Amino acid sequence: MTNLLPLIRNECLKIIKKKRFYVILLILLVLVPMFTYAQMRIAERSRDKFNSDWRLEIQQQITDNQNSLGSDRIPEEWKSYRRIFLQQLQYYLDHDVNPNEPSGVTFTREFVNNSVSLFIPLLIMAVASDLVSGERTTGTIKMLLTRPVRRWKVLFSKMVALLMFVSLIVLSVFVISYLISGLAFGYKGFNVPVFTGFQLNGDTVDMTKVHAVEQWKYLLMQGGLIWYVSIVVALLAFMVSVLVRSTAASIVVMMAALIAGTILTNMASAWTAAKYLFMVNMELTTYLAGTPAPIEGMTLGFSMAVLGIWGLAAVIISFAVFTKRDILN
Amino acid sequence: MARTIHEAPGDEVVLSARGVRKKIGRKWIIDDVTFDVKKGEIFGFLGPNGAGKTTTIRMLVDLIRPSEGTITVCGYNVNRNPEKALQYVGSIVENPEVYTYLTGWENLQHFARMQPGVDEQRIAEVVEIVRLDQRIQDKVSTYSLGMRQRLGIAQALLGRPRLLILDEPTNGLDPKGIKELREFIRKLADEGLAVFVSSHLLSEIQLLCDRVAIISKGRVLAVGAVDELVARNSPYVLWELEPLQRARDIMAGRPDIALLHLDEVTLDDSVIAGMGVNSLVTAMDEELIPEIVAVLVAQEVEVRAVHKINPTLEQLFLKLTEGEAID
């Protein structure tokens, strides 16, 4: 009977009026300048050291890594990681391309790479975690569910509003970090080539499929992958918000899962079954850059499938629980 | 889609609960609740706290699914067809919880979008009905409890319901607010709305309602017109007599008067406080009072005061629940 559009409008309106989105923008506006400044200091230092010659700098990195390979104190896994890293650096050097060409675009690329597993999910949780639990905490859920609207429609409208805001958050991360870092590094750099398509084969890197893409294309691919991860994280946070009555508990549960993910990623490899957990599959952009996955056997397709299944399960559970549950208080 | 409210006879059933039961965990929280609410009447739902009033109300509006039994509103099953049934229902379950970060007007717009046929004009109408026009553009977080209550009622009236469900509506209101609310509810009922009001305050129900269901421990103990239920009890008469002993002997000699001990009657605290040492409580037909007074005077008993106390639901309630504490 009731159309879905007005319901979605209601939910968007509530998210805006709660000022959650402004808080997210504010966080970005405070943190991004900090990272930009830090990055600027790094750039300055290496400029002093290598007289602005990036080839010298890369050469130095290669030598450093090679030296550390000889050390016994470094675990085997780290060594294989470094061997791969070495080969990639060499590839860049051979093709006369600076992988760290300082620019607003490069900064953005690196920044989102590093934010995908914790920072962006945290911003998403600011919206997602109290979408349902918030209505239960304040009791407004009773008003919401006693209107002549089927429960699945109420939940669906919330989910659509959430996905819209998640997209907006991902976009804001890109735009704000580009705009702010551009002040320091300049707004050029969209056409700088970036290599992608490194095939990892144990310790060696298969270069046959490596090709250069312009940085703006790379950024788009990154954006797509990060958006995908963000949607899955949002759906999971949404499910927790349906299951748990208090917003605080809902945030804690999600944070715990995400932090466990970063810890597990670092411990890695020994427990291979961990690769089926959503939180170790979140760094999709590493596949683009050619960094090794935390656990053997993980590929871009595998990670996306695992995330997809988790996301789908979250949606099914959310709807099953929300439409059936008695609202006792 | 405007709905015309049929000018049907007064016995048109708007809300009907049939054999409703609810099991939570292993316990039957609600054990057989059956009643009908008719068009244009104010129906009271009376019971002590924890008797299952709120659980029942939540079942009436599809917040909780009954384990057994059916609830229908205007012929539609609430649980199977909530989209149809709930459009006839306006409700406030427990407190009037609205979005405090929105203005009153935005809240009403929000709920208006959730039902068909409610436009801006209707919103303005209900705002006027509950007399919130002055503050409707302010954030709800600045409202007093009474204003939130009125906003809640405005929200409930938005969809031109046939049934209004109010859960403990006088909670937190001052005496003036309670009186206004009572008049307001009466006016709505006179316009043909069926109103379902729960309360643990017996006097409240007695003053407000036409019919009442009494619930205790998840069971409906009695349903009936308030007058009818009250009439089952004969009134108390409070006497102040001198000398007391002679008067007591006279009363005891009559079969149509029951002398009562103070601990077996339930009286308002204010009445008990005003009773002197020469007081006597009887249960009797009020028609007998003049005759008894004449007899007493003839026997040289001074009649200092005679006070008739109307039977209250409280008495009835205590009788039905065998003394279980109310609130």
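Guide: Helices (H or I, at least four residues) and strands (E, at least two) are DSSP runs, numbered from the N terminus. In this predicted model, the span of residues 116-134 of chain A is 63% helix and 0% strand, and its end C-alpha atoms lie 25 Å apart.

Visitor: On what conventions does the reading rest?

Guide: Residues are numbered from 1 along each chain as its sequence is written, while chains are lettered from A and ligands numbered from 1 in the order in which they are written. As this is a predicted model, local features need pLDDT of at least 70, side-chain atom pairs count only at pLDDT 80 or more, and totals for chains, interfaces and linings use all residues; side-chain values use heavy atoms, leaving out hydrogens and water.

Visitor: Where is confidence lowest and highest in chain A?

Guide: The term pLDDT is the predictor's confidence in each residue, from 0 to 100. Chain A has a mean of 87, and 98% of its residues reach 70 or more. Confidence is lowest in strand E3 (residues 204-206) of chain A, at a mean of 72, and highest in helix H13 (residues 300-324) of chain A, at 95.

Visitor: How many residues does each chain give to the contact?

Guide: Contact means heavy atoms within 4.5 Å. Chain A contributes 34 residues and chain B 35 residues.

Visitor: How many salt bridges are there between chain A and chain B?

Guide: A salt bridge is a side-chain nitrogen of Lys or Arg within 4 Å of a carboxyl oxygen of Asp or Glu. Five link chain A and chain B, and the count over all chains is 31. One salt bridge is formed by the side chains of Lys17(A) and Glu106(B), at 2.7 Å from N to O. Lys17(A) lies in helix H1 of chain A and Glu106(B) in helix H3 (residues 104-112) of chain B, so this pair joins two chains.
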